[in-house]
Amino acid sequence: MEASTMAPMSFELTTFSANLPTLPPVPTMDPSLTQAFVATTVAPVVANSDGDVGQQAQFNLDPMHSFMVWNPSGIFSDTFKPFIIPITGLIVGTVLMQIPKTSTWGKLTLYFGAQSFMNIYMGWVMRTSVTVPAGTVINGEVLKTDLTGCPAGFALTAMQQVISFIVFVVFFLVVYWTPYRYTPKKLNSGFEVFCVVIFGCVFALNIALNNFSLGYISIAVNLIIRSCLPLSTFLSQQGLAIFGLYPFKPCRWKEITLMVIGCLCAGAFTMARIMGSAASKSSDSDAGSMIMGVMMCIASLLCGSLNLALAGVLGETKLNVYDTVAYMAIPATLFLLPIALFWEKKVPGEWPVVFGKDSMTDYEILASVWSLNKWTVAWLVLSGVFSFLYNIVQFSVVHTLSPSATAFGGNFNKAALIFLTLLLPFLRVHELPGYPYIEVIWIAVIINIAAFSYYGWLQIEAKNKDQARLLGDNGDDDSDSEEEDSSQ
(Lines give C-alpha, C1' and ligand atoms only; values in the text may rest on other atoms or scores of the structure.)
Protein backbone atom coordinates (compact mmCIF):
# COMPACT_ATOMS: atom_id res chain seq x y z
CA MET A 1 0.00 0.00 0.00
CA GLU A 2 1.93 3.41 -0.63
CA ALA A 3 1.67 4.38 2.98
CA SER A 4 1.53 7.46 4.61
CA THR A 5 4.11 9.41 5.55
CA MET A 6 7.53 22.22 14.19
CA ALA A 7 6.56 25.37 13.10
CA PRO A 8 3.48 26.72 14.89
CA MET A 9 0.29 26.02 13.01
CA SER A 10 -2.98 27.32 14.37
CA PHE A 11 -6.49 26.38 13.38
CA GLU A 12 -9.75 28.00 14.45
CA LEU A 13 -11.22 24.79 15.79
CA THR A 14 -13.84 26.61 17.85
CA THR A 15 -15.18 28.47 14.82
CA PHE A 16 -15.06 25.29 12.75
CA SER A 17 -17.09 23.32 15.24
CA ALA A 18 -19.53 26.17 15.70
CA ASN A 19 -20.34 26.28 12.00
CA LEU A 20 -20.45 22.53 11.60
CA PRO A 21 -23.89 21.24 10.61
CA THR A 22 -25.66 18.84 12.92
CA LEU A 23 -24.19 15.36 12.62
CA PRO A 24 -26.44 12.71 11.10
CA PRO A 25 -27.97 10.36 13.69
CA VAL A 26 -26.41 6.98 14.29
CA PRO A 27 -28.61 4.18 12.94
CA THR A 28 -30.85 2.78 15.65
CA MET A 29 -30.41 -0.86 16.51
CA ASP A 30 -32.87 -3.35 17.87
CA PRO A 31 -32.00 -4.01 21.57
CA SER A 32 -32.00 -7.72 20.83
CA LEU A 33 -29.00 -7.24 18.51
CA THR A 34 -26.60 -6.22 21.26
CA GLN A 35 -27.88 -8.96 23.57
CA ALA A 36 -27.63 -11.57 20.84
CA PHE A 37 -24.19 -10.38 19.83
CA VAL A 38 -22.92 -10.70 23.39
CA ALA A 39 -24.59 -14.08 23.74
CA THR A 40 -22.85 -15.41 20.67
CA THR A 41 -19.41 -14.05 21.50
CA VAL A 42 -19.08 -14.17 25.29
CA ALA A 43 -18.56 -17.59 26.83
CA PRO A 44 -18.00 -18.82 30.36
CA VAL A 45 -14.56 -18.43 31.90
CA VAL A 46 -12.56 -21.53 31.17
CA ALA A 47 -9.23 -22.15 32.86
CA ASN A 48 -6.74 -24.44 31.20
CA SER A 49 -4.28 -26.72 32.91
CA ASP A 50 -1.88 -23.82 33.41
CA GLY A 51 -4.51 -21.66 35.04
CA ASP A 52 -4.84 -19.26 32.08
CA VAL A 53 -8.15 -17.54 31.61
CA GLY A 54 -10.05 -18.64 28.50
CA GLN A 55 -9.82 -16.30 25.57
CA GLN A 56 -13.57 -16.07 25.13
CA ALA A 57 -14.08 -14.48 28.54
CA GLN A 58 -10.86 -12.49 28.46
CA PHE A 59 -11.49 -10.76 25.12
CA ASN A 60 -15.29 -11.01 24.81
CA LEU A 61 -14.73 -12.54 21.39
CA ASP A 62 -15.02 -15.87 19.70
CA PRO A 63 -11.39 -17.14 19.51
CA MET A 64 -11.74 -17.80 15.78
CA HIS A 65 -12.37 -14.07 15.24
CA SER A 66 -9.49 -12.71 17.30
CA PHE A 67 -6.27 -11.48 15.73
CA MET A 68 -3.74 -13.97 17.08
CA VAL A 69 -4.90 -17.09 18.89
CA TRP A 70 -3.99 -20.69 19.57
CA ASN A 71 -6.36 -22.77 17.49
CA PRO A 72 -6.70 -26.37 18.72
CA SER A 73 -7.43 -27.54 15.17
CA GLY A 74 -4.22 -26.00 13.85
CA ILE A 75 -1.16 -24.01 14.82
CA PHE A 76 -2.57 -20.60 13.78
CA SER A 77 -6.01 -19.08 13.39
CA ASP A 78 -7.26 -18.27 9.90
CA THR A 79 -6.93 -14.59 10.77
CA PHE A 80 -3.25 -14.82 11.65
CA LYS A 81 -2.21 -16.95 8.67
CA PRO A 82 -2.00 -14.06 6.16
CA PHE A 83 0.50 -12.29 8.41
CA ILE A 84 2.96 -15.19 8.62
CA ILE A 85 4.71 -14.19 5.37
CA PRO A 86 5.18 -10.45 6.11
CA ILE A 87 6.22 -11.06 9.73
CA THR A 88 8.75 -13.62 8.51
CA GLY A 89 10.02 -11.02 6.03
CA LEU A 90 10.40 -8.45 8.80
CA ILE A 91 12.36 -10.88 11.00
CA VAL A 92 14.58 -12.25 8.22
CA GLY A 93 15.22 -8.75 6.85
CA THR A 94 16.23 -7.44 10.26
CA VAL A 95 18.67 -10.33 10.71
CA LEU A 96 20.19 -9.95 7.21
CA MET A 97 20.68 -6.21 7.76
CA GLN A 98 23.05 -6.97 10.63
CA ILE A 99 25.43 -8.79 8.26
CA PRO A 100 27.43 -6.38 6.04
CA LYS A 101 27.55 -8.74 3.06
CA THR A 102 23.76 -9.21 3.03
CA SER A 103 22.76 -5.73 4.18
CA THR A 104 21.17 -4.69 0.86
CA TRP A 105 19.17 -7.90 0.58
CA GLY A 106 18.14 -7.46 4.20
CA LYS A 107 16.78 -3.97 3.47
CA LEU A 108 14.84 -5.26 0.45
CA THR A 109 13.43 -8.12 2.51
CA LEU A 110 12.48 -5.75 5.33
CA TYR A 111 10.85 -3.41 2.80
CA PHE A 112 8.83 -6.32 1.40
CA GLY A 113 7.79 -7.43 4.89
CA ALA A 114 6.70 -3.94 5.94
CA GLN A 115 4.85 -3.15 2.70
CA SER A 116 3.06 -6.49 2.50
CA PHE A 117 2.15 -6.32 6.21
CA MET A 118 0.47 -2.93 5.79
CA ASN A 119 -1.39 -4.03 2.65
CA ILE A 120 -2.64 -7.23 4.26
CA TYR A 121 -3.48 -5.55 7.58
CA MET A 122 -5.47 -2.75 5.94
CA GLY A 123 -7.30 -5.27 3.73
CA TRP A 124 -8.10 -7.33 6.83
CA VAL A 125 -9.31 -4.47 9.01
CA MET A 126 -11.33 -2.86 6.20
CA ARG A 127 -12.84 -5.99 4.66
CA THR A 128 -12.37 -9.40 6.29
CA SER A 129 -12.18 -8.98 10.09
CA VAL A 130 -15.37 -10.24 11.74
CA THR A 131 -17.44 -7.49 13.36
CA VAL A 132 -20.64 -9.50 13.99
CA PRO A 133 -20.44 -13.28 13.49
CA ALA A 134 -22.94 -15.31 11.51
CA GLY A 135 -25.67 -16.83 13.65
CA THR A 136 -26.41 -13.62 15.54
CA VAL A 137 -30.15 -12.94 15.79
CA ILE A 138 -31.02 -9.54 14.31
CA ASN A 139 -34.60 -8.26 14.43
CA GLY A 140 -35.83 -11.80 14.87
CA GLU A 141 -33.77 -13.16 11.95
CA VAL A 142 -30.50 -15.08 12.06
CA LEU A 143 -27.56 -13.39 10.33
CA LYS A 144 -26.55 -15.87 7.66
CA THR A 145 -23.14 -14.35 6.84
CA ASP A 146 -20.53 -12.62 9.02
CA LEU A 147 -20.68 -8.84 9.14
CA THR A 148 -17.07 -8.10 8.23
CA GLY A 149 -14.68 -5.18 8.25
CA CYS A 150 -15.33 -1.49 8.74
CA PRO A 151 -15.78 0.22 5.36
CA ALA A 152 -15.05 3.73 6.63
CA GLY A 153 -11.96 4.65 4.60
CA PHE A 154 -12.10 8.42 5.01
CA ALA A 155 -12.73 8.33 8.76
CA LEU A 156 -10.02 5.70 9.16
CA THR A 157 -7.48 7.82 7.26
CA ALA A 158 -8.34 10.87 9.36
CA MET A 159 -7.95 8.72 12.49
CA GLN A 160 -4.56 7.49 11.25
CA GLN A 161 -3.39 11.07 10.73
CA VAL A 162 -4.43 12.06 14.25
CA ILE A 163 -2.83 8.98 15.83
CA SER A 164 0.37 9.48 13.84
CA PHE A 165 0.49 13.09 15.04
CA ILE A 166 0.02 11.98 18.66
CA VAL A 167 2.80 9.38 18.28
CA PHE A 168 5.05 12.06 16.80
CA VAL A 169 4.34 14.46 19.68
CA VAL A 170 5.17 11.72 22.20
CA PHE A 171 8.41 10.96 20.35
CA PHE A 172 9.25 14.68 20.13
CA LEU A 173 8.77 15.19 23.88
CA VAL A 174 10.66 12.02 24.86
CA VAL A 175 13.80 12.96 22.91
CA TYR A 176 13.58 16.72 23.45
CA TRP A 177 15.85 16.79 26.51
CA THR A 178 18.24 14.16 25.16
CA PRO A 179 21.19 14.33 22.74
CA TYR A 180 18.79 12.91 20.11
CA ARG A 181 16.52 15.96 20.08
CA TYR A 182 14.63 16.29 16.82
CA THR A 183 13.75 19.64 15.25
CA PRO A 184 11.33 19.73 12.29
CA LYS A 185 12.42 21.54 9.13
CA LYS A 186 11.44 25.19 9.29
CA LEU A 187 9.06 26.49 6.65
CA ASN A 188 10.55 29.80 5.51
CA SER A 189 7.84 31.22 3.26
CA GLY A 190 4.14 31.26 2.58
CA PHE A 191 4.79 29.33 -0.61
CA GLU A 192 6.33 26.44 1.35
CA VAL A 193 3.31 26.44 3.68
CA PHE A 194 1.06 26.35 0.61
CA CYS A 195 3.04 23.41 -0.80
CA VAL A 196 2.72 21.50 2.46
CA VAL A 197 -1.04 22.06 2.65
CA ILE A 198 -1.56 21.01 -0.99
CA PHE A 199 0.65 17.96 -0.60
CA GLY A 200 -1.11 17.04 2.64
CA CYS A 201 -4.62 17.22 1.19
CA VAL A 202 -3.81 15.34 -2.03
CA PHE A 203 -1.73 12.77 -0.14
CA ALA A 204 -4.53 12.24 2.40
CA LEU A 205 -7.12 11.86 -0.37
CA ASN A 206 -4.86 9.32 -2.09
CA ILE A 207 -4.58 7.21 1.07
CA ALA A 208 -8.26 7.64 2.00
CA LEU A 209 -9.51 6.51 -1.41
CA ASN A 210 -7.12 3.55 -1.31
CA ASN A 211 -8.37 2.55 2.16
CA PHE A 212 -11.93 3.01 0.94
CA SER A 213 -11.32 0.67 -2.01
CA LEU A 214 -9.91 -2.04 0.27
CA GLY A 215 -13.35 -2.28 1.88
CA TYR A 216 -14.82 -3.40 -1.44
CA ILE A 217 -12.12 -5.18 -3.47
CA SER A 218 -9.35 -7.69 -2.83
CA ILE A 219 -5.68 -6.85 -2.33
CA ALA A 220 -4.82 -8.36 -5.73
CA VAL A 221 -7.26 -6.13 -7.61
CA ASN A 222 -6.09 -3.10 -5.62
CA LEU A 223 -2.41 -3.77 -6.36
CA ILE A 224 -2.80 -4.50 -10.05
CA ILE A 225 -4.71 -1.24 -10.53
CA ARG A 226 -2.04 0.69 -8.62
CA SER A 227 0.63 -0.92 -10.81
CA CYS A 228 -0.62 1.47 -13.53
CA LEU A 229 0.86 4.44 -11.65
CA PRO A 230 3.67 5.04 -14.23
CA LEU A 231 1.21 5.69 -17.09
CA SER A 232 -1.17 7.85 -15.05
CA THR A 233 1.78 9.90 -13.75
CA PHE A 234 3.16 10.34 -17.27
CA LEU A 235 -0.24 11.56 -18.52
CA SER A 236 -0.58 13.93 -15.55
CA GLN A 237 2.82 15.43 -16.27
CA GLN A 238 2.06 15.86 -19.97
CA GLY A 239 -1.30 17.45 -19.14
CA LEU A 240 0.37 19.98 -16.84
CA ALA A 241 2.99 20.63 -19.54
CA ILE A 242 0.27 21.70 -21.98
CA PHE A 243 -0.53 24.60 -19.64
CA GLY A 244 3.14 25.44 -19.16
CA LEU A 245 3.22 24.16 -15.59
CA TYR A 246 5.64 21.27 -16.17
CA PRO A 247 8.32 20.44 -18.76
CA PHE A 248 7.28 17.95 -21.42
CA LYS A 249 8.58 14.45 -20.78
CA PRO A 250 10.27 12.68 -23.70
CA CYS A 251 7.98 10.24 -25.50
CA ARG A 252 9.84 6.97 -25.79
CA TRP A 253 7.43 4.76 -27.69
CA LYS A 254 8.79 1.49 -26.36
CA GLU A 255 8.17 2.63 -22.79
CA ILE A 256 4.72 4.03 -23.62
CA THR A 257 3.78 0.78 -25.36
CA LEU A 258 4.83 -1.27 -22.33
CA MET A 259 2.83 0.97 -19.98
CA VAL A 260 -0.28 0.71 -22.18
CA ILE A 261 0.04 -3.08 -22.39
CA GLY A 262 0.40 -3.29 -18.60
CA CYS A 263 -2.68 -1.12 -18.06
CA LEU A 264 -4.77 -3.08 -20.57
CA CYS A 265 -3.86 -6.28 -18.74
CA ALA A 266 -4.80 -4.67 -15.44
CA GLY A 267 -8.18 -3.79 -16.95
CA ALA A 268 -8.64 -7.35 -18.23
CA PHE A 269 -7.71 -8.75 -14.79
CA THR A 270 -10.21 -6.47 -13.06
CA MET A 271 -13.06 -7.15 -15.51
CA ALA A 272 -12.52 -10.91 -15.28
CA ARG A 273 -12.60 -10.65 -11.49
CA ILE A 274 -15.86 -8.67 -11.48
CA MET A 275 -17.58 -10.80 -14.14
CA GLY A 276 -16.44 -13.99 -12.46
CA SER A 277 -17.81 -12.83 -9.13
CA ALA A 278 -21.15 -11.90 -10.68
CA ALA A 279 -21.38 -15.23 -12.52
CA SER A 280 -20.52 -17.36 -9.49
CA LYS A 281 -23.00 -15.64 -7.15
CA SER A 282 -25.76 -15.04 -9.71
CA SER A 283 -26.25 -11.62 -8.13
CA ASP A 284 -25.25 -8.09 -8.99
CA SER A 285 -24.79 -6.98 -5.35
CA ASP A 286 -21.23 -8.20 -4.88
CA ALA A 287 -20.23 -7.17 -8.39
CA GLY A 288 -21.71 -3.72 -7.79
CA SER A 289 -19.65 -3.28 -4.62
CA MET A 290 -16.52 -4.37 -6.48
CA ILE A 291 -17.18 -1.82 -9.24
CA MET A 292 -17.42 0.93 -6.62
CA GLY A 293 -14.16 -0.27 -5.06
CA VAL A 294 -12.46 -0.28 -8.47
CA MET A 295 -13.62 3.28 -9.19
CA MET A 296 -12.31 4.48 -5.82
CA CYS A 297 -8.98 2.72 -6.42
CA ILE A 298 -8.65 4.41 -9.82
CA ALA A 299 -9.42 7.76 -8.17
CA SER A 300 -6.72 7.01 -5.60
CA LEU A 301 -4.31 6.21 -8.42
CA LEU A 302 -5.04 9.56 -10.08
CA CYS A 303 -4.48 11.37 -6.78
CA GLY A 304 -1.15 9.59 -6.40
CA SER A 305 -0.16 10.66 -9.91
CA LEU A 306 -1.25 14.23 -9.20
CA ASN A 307 0.82 14.22 -6.02
CA LEU A 308 3.94 13.21 -7.95
CA ALA A 309 3.24 15.75 -10.69
CA LEU A 310 2.61 18.56 -8.19
CA ALA A 311 5.98 17.82 -6.62
CA GLY A 312 7.58 19.07 -9.83
CA VAL A 313 5.28 22.09 -10.11
CA LEU A 314 5.32 23.31 -6.52
CA GLY A 315 8.92 22.46 -5.75
CA GLU A 316 10.60 19.88 -3.55
CA THR A 317 10.00 20.60 0.13
CA LYS A 318 12.47 17.91 1.24
CA LEU A 319 10.41 16.85 4.26
CA ASN A 320 11.25 13.58 5.96
CA VAL A 321 8.66 11.31 7.53
CA TYR A 322 8.67 13.19 10.87
CA ASP A 323 8.26 16.56 9.16
CA THR A 324 5.45 15.16 7.05
CA VAL A 325 3.50 14.03 10.11
CA ALA A 326 4.23 17.26 12.00
CA TYR A 327 3.01 19.57 9.24
CA MET A 328 0.48 17.59 7.20
CA ALA A 329 -1.50 15.59 9.78
CA ILE A 330 -3.79 18.37 10.98
CA PRO A 331 -4.58 19.92 7.54
CA ALA A 332 -5.21 16.43 6.12
CA THR A 333 -7.56 15.57 8.99
CA LEU A 334 -9.54 18.79 8.60
CA PHE A 335 -9.76 18.15 4.85
CA LEU A 336 -11.15 14.62 5.35
CA LEU A 337 -13.59 15.35 8.20
CA PRO A 338 -16.48 16.78 6.11
CA ILE A 339 -16.29 13.79 3.75
CA ALA A 340 -16.31 11.33 6.65
CA LEU A 341 -19.18 13.09 8.41
CA PHE A 342 -21.64 13.80 5.61
CA TRP A 343 -20.99 11.69 2.50
CA GLU A 344 -23.24 8.62 2.35
CA LYS A 345 -22.07 5.76 0.20
CA LYS A 346 -23.29 2.25 -0.47
CA VAL A 347 -22.14 -0.30 2.11
CA PRO A 348 -21.09 -3.84 1.11
CA GLY A 349 -21.93 -7.33 2.32
CA GLU A 350 -24.30 -7.73 5.24
CA TRP A 351 -24.21 -4.09 6.30
CA PRO A 352 -27.58 -3.24 4.69
CA VAL A 353 -29.12 -6.28 6.43
CA VAL A 354 -27.82 -5.34 9.88
CA PHE A 355 -28.60 -1.63 9.77
CA GLY A 356 -31.58 -1.58 7.42
CA LYS A 357 -30.11 0.97 5.00
CA ASP A 358 -28.01 0.68 1.85
CA SER A 359 -26.00 3.88 2.33
CA MET A 360 -24.17 5.18 5.41
CA THR A 361 -21.61 7.83 6.28
CA ASP A 362 -18.23 6.92 7.75
CA TYR A 363 -19.34 8.54 11.00
CA GLU A 364 -22.40 6.29 11.18
CA ILE A 365 -20.31 3.21 10.41
CA LEU A 366 -17.72 3.98 13.09
CA ALA A 367 -20.33 4.81 15.73
CA SER A 368 -22.25 1.63 14.94
CA VAL A 369 -19.13 -0.54 15.01
CA TRP A 370 -18.18 1.00 18.37
CA SER A 371 -21.55 -0.05 19.79
CA LEU A 372 -21.22 -3.58 18.42
CA ASN A 373 -17.58 -4.58 18.71
CA LYS A 374 -15.03 -2.26 20.29
CA TRP A 375 -12.19 -4.61 19.34
CA THR A 376 -12.76 -3.75 15.68
CA VAL A 377 -12.28 -0.07 16.56
CA ALA A 378 -9.12 -1.04 18.49
CA TRP A 379 -7.69 -2.61 15.32
CA LEU A 380 -8.50 0.62 13.46
CA VAL A 381 -6.66 2.68 16.07
CA LEU A 382 -3.70 0.30 15.92
CA SER A 383 -3.51 0.86 12.16
CA GLY A 384 -2.52 4.47 12.89
CA VAL A 385 0.47 3.30 14.93
CA PHE A 386 1.40 0.76 12.25
CA SER A 387 1.13 3.47 9.58
CA PHE A 388 3.54 5.73 11.45
CA LEU A 389 6.05 2.89 11.98
CA TYR A 390 5.73 1.77 8.37
CA ASN A 391 6.51 5.27 7.12
CA ILE A 392 9.66 5.32 9.28
CA VAL A 393 10.78 1.93 7.93
CA GLN A 394 10.01 2.95 4.36
CA PHE A 395 11.83 6.28 4.66
CA SER A 396 14.85 4.76 6.40
CA VAL A 397 15.24 1.79 4.08
CA VAL A 398 14.38 3.36 0.72
CA HIS A 399 16.66 6.36 1.23
CA THR A 400 19.65 4.09 1.88
CA LEU A 401 19.14 2.05 -1.30
CA SER A 402 20.17 2.96 -4.81
CA PRO A 403 17.39 4.09 -7.18
CA SER A 404 17.65 0.84 -9.14
CA ALA A 405 17.35 -1.26 -5.97
CA THR A 406 14.36 0.80 -4.82
CA ALA A 407 12.61 0.38 -8.18
CA PHE A 408 13.33 -3.34 -8.13
CA GLY A 409 12.00 -3.63 -4.57
CA GLY A 410 8.76 -1.77 -5.33
CA ASN A 411 8.01 -3.82 -8.46
CA PHE A 412 8.91 -7.09 -6.75
CA ASN A 413 6.71 -6.34 -3.73
CA LYS A 414 3.63 -5.73 -5.89
CA ALA A 415 4.26 -8.77 -8.07
CA ALA A 416 4.98 -11.08 -5.15
CA LEU A 417 1.90 -10.02 -3.19
CA ILE A 418 -0.38 -10.37 -6.23
CA PHE A 419 0.92 -13.89 -6.88
CA LEU A 420 0.65 -14.84 -3.21
CA THR A 421 -2.94 -13.56 -3.10
CA LEU A 422 -3.87 -15.71 -6.07
CA LEU A 423 -2.02 -18.79 -4.81
CA LEU A 424 -2.87 -18.76 -1.09
CA PRO A 425 -6.57 -19.11 -0.15
CA PHE A 426 -6.21 -17.33 3.22
CA LEU A 427 -5.10 -14.11 1.49
CA ARG A 428 -8.26 -13.84 -0.62
CA VAL A 429 -11.31 -11.72 0.08
CA HIS A 430 -13.40 -13.62 -2.50
CA GLU A 431 -13.03 -17.10 -3.94
CA LEU A 432 -11.38 -17.18 -7.35
CA PRO A 433 -13.83 -17.50 -10.26
CA GLY A 434 -13.95 -20.53 -12.48
CA TYR A 435 -13.38 -21.05 -16.21
CA PRO A 436 -12.85 -18.97 -18.32
CA TYR A 437 -12.26 -16.05 -15.92
CA ILE A 438 -9.42 -17.62 -13.94
CA GLU A 439 -7.42 -18.21 -17.13
CA VAL A 440 -7.85 -14.55 -18.11
CA ILE A 441 -6.75 -13.48 -14.63
CA TRP A 442 -3.51 -15.50 -14.71
CA ILE A 443 -2.58 -14.46 -18.26
CA ALA A 444 -3.32 -10.80 -17.50
CA VAL A 445 -1.31 -10.69 -14.29
CA ILE A 446 1.73 -12.38 -15.85
CA ILE A 447 1.81 -10.00 -18.84
CA ASN A 448 1.14 -6.99 -16.58
CA ILE A 449 4.06 -7.79 -14.30
CA ALA A 450 6.36 -8.58 -17.24
CA ALA A 451 5.48 -5.34 -19.04
CA PHE A 452 6.00 -3.05 -16.05
CA SER A 453 9.14 -4.92 -14.99
CA TYR A 454 10.65 -4.39 -18.45
CA TYR A 455 9.54 -0.75 -18.31
CA GLY A 456 11.28 -0.36 -14.94
CA TRP A 457 14.46 -1.88 -16.37
CA LEU A 458 14.39 0.57 -19.30
CA GLN A 459 14.00 3.45 -16.84
CA ILE A 460 17.00 2.27 -14.86
CA GLU A 461 19.09 1.88 -18.01
CA ALA A 462 18.15 5.40 -19.14
CA LYS A 463 19.18 6.85 -15.78
CA ASN A 464 22.47 4.98 -15.85
CA LYS A 465 23.23 6.34 -19.34
CA ASP A 466 22.42 9.88 -18.22
CA GLN A 467 24.72 9.54 -15.22
CA ALA A 468 27.51 8.12 -17.39
CA ARG A 469 27.09 10.99 -19.86
CA LEU A 470 27.31 13.53 -17.02
CA LEU A 471 30.44 11.87 -15.66
CA GLY A 472 31.94 11.85 -19.14
CA ASP A 473 31.21 15.53 -19.62
CA ASN A 474 32.78 16.34 -16.27
CA GLY A 475 35.84 14.29 -17.19
CA ASP A 476 36.22 16.17 -20.46
CA ASP A 477 35.96 19.50 -18.65
CA ASP A 478 38.64 18.43 -16.18
CA SER A 479 41.01 17.30 -18.95
CA ASP A 480 40.50 20.56 -20.86
CA SER A 481 41.31 22.60 -17.76
CA GLU A 482 44.47 20.51 -17.16
CA GLU A 483 45.61 21.13 -20.77
CA GLU A 484 45.06 24.86 -20.33
CA ASP A 485 47.07 24.84 -17.10
CA SER A 486 49.94 22.91 -18.73
CA SER A 487 50.06 25.29 -21.70
CA GLN A 488 50.47 28.21 -19.31
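User: I'd like to start with charges and rings. What sits over the ring of Tyr176, and how far from its centre?

Analyst: Happy to begin there. The charged end of Arg181 sits over the Tyr176 ring, at 4.0 Å from the ring centre. Keep in mind as we go that this is a predicted model.

User: Which ring does Lys374 lie over?

Analyst: Lys374 lies over the face of Trp370, and the distance to the ring centre is 4.9 Å.

User: Now for rings with rings. How should I read a pair of them?

Analyst: The general idea is simple: a pair of aromatic rings is described by the distance of the centres and the angle of the planes. In this model the count comes to 21 aromatic pairs. Take Phe171 and Tyr182: the ring centres are 6.5 Å apart and the planes stand at 50°, so this pair is tilted. The two residues belong to distant parts of the chain, eleven residues apart, with Phe171 in helix 6 (residues 153-176) and Tyr182 in the loop between helix 6 and helix 7 (190-214).

User: Are these two residues buried or exposed?

Analyst: They fall into separate classes. Phe171 has 27% relative accessibility and counts as partly exposed, whereas Tyr182, at 16%, counts as buried. The reasoning rests on a cut-off: buried means under 20% relative accessible area.

User: How are the rings of Phe212 and Trp343 arranged?

Analyst: That pair is stacked, because the planes of Phe212 and Trp343 are at 25°, with the ring centres 5.7 Å apart. The cut-off behind this is that planes under 30 degrees apart count as stacked. Phe212 lies in helix 7, while Trp343 is in the loop between helix 12 (321-342) and strand 5 (345-346), so to speak a link between distant parts of the chain, 131 residues apart. Phe212 is buried, with a relative accessible area of 1%, and Trp343 is partly exposed at 36%.

User: Which residues do ring pairs link into a cluster?

Analyst: The cluster is made of Phe83, Phe117, Tyr121, Trp124, Trp375, Trp379 and Phe386.

User: Let's turn to the surface. Which residues form a nonpolar patch there?

Analyst: Look at Val162, Ile166, Val170 and Val174, which together have about 340 Å² of accessible area in a nonpolar surface patch. Val170 is placed in helix 6, and its 48% relative accessibility makes Val170 partly exposed.

User: And salt bridges? What is the idea, and how many does the model have?

Analyst: In general, side chains of opposite charge can pair when their charged atoms come close. Here the count comes to three salt bridges. In one of them, Arg252 pairs with Glu255, and their closest N and O atoms are 4.0 Å apart. Arg252 is partly exposed at 38% relative accessible area, while Glu255 is buried at 9%.

User: What about Lys345: which residue is its salt-bridge partner, and where do the two lie?

Analyst: The partner is Asp362, with the closest N and O atoms 1.8 Å apart. This bridge links distant parts of the chain: Lys345 is in strand 5 and Asp362 in helix 14 (residues 362-372), 17 residues apart. Both Lys345 and Asp362 are buried.

User: Which residue does Glu364 form a salt bridge with?

Analyst: Glu364 forms a salt bridge with Lys357, and the closest N and O atoms are 3.4 Å apart. Glu364 is buried, with 2% relative accessibility; Lys357, at 25%, is partly exposed.

Notes. Residues are numbered from 1 along each chain as its sequence is written. This is a predicted model: local features need pLDDT of at least 70, side-chain atom pairs count only at pLDDT 80 or more; totals for chains, interfaces and linings use all residues. Side-chain values use heavy atoms; hydrogens and water are left out. Rings of Phe, Tyr and Trp (its six-membered ring) pair if their centres lie within 6.5 Å; planes under 30 degrees apart count as stacked, over 60 as edge-to-face and the rest as tilted. Helices (H or I, at least four residues) and strands (E, at least two) are DSSP runs, numbered from the N terminus. Buried means under 20% relative accessible area, exposed over 50%, partly exposed in between (1.4 Å probe, protein chains only). A charge sits over a ring if NZ of Lys or CZ of Arg is within 6 Å of the ring centre and within 35 degrees of the ring normal. Patches are made of residues with over 30% relative accessible area and no salt bridge: like charges are joined within 9 Å, nonpolar side chains (Val, Leu, Ile, Met, Phe, Trp, Tyr) within 5 Å. Accessible areas come from the Shrake-Rupley method with a 1.4 Å probe; for residues, only the protein chains shown count as cover. A salt bridge is a side-chain nitrogen of Lys or Arg within 4 Å of a carboxyl oxygen of Asp or Glu.
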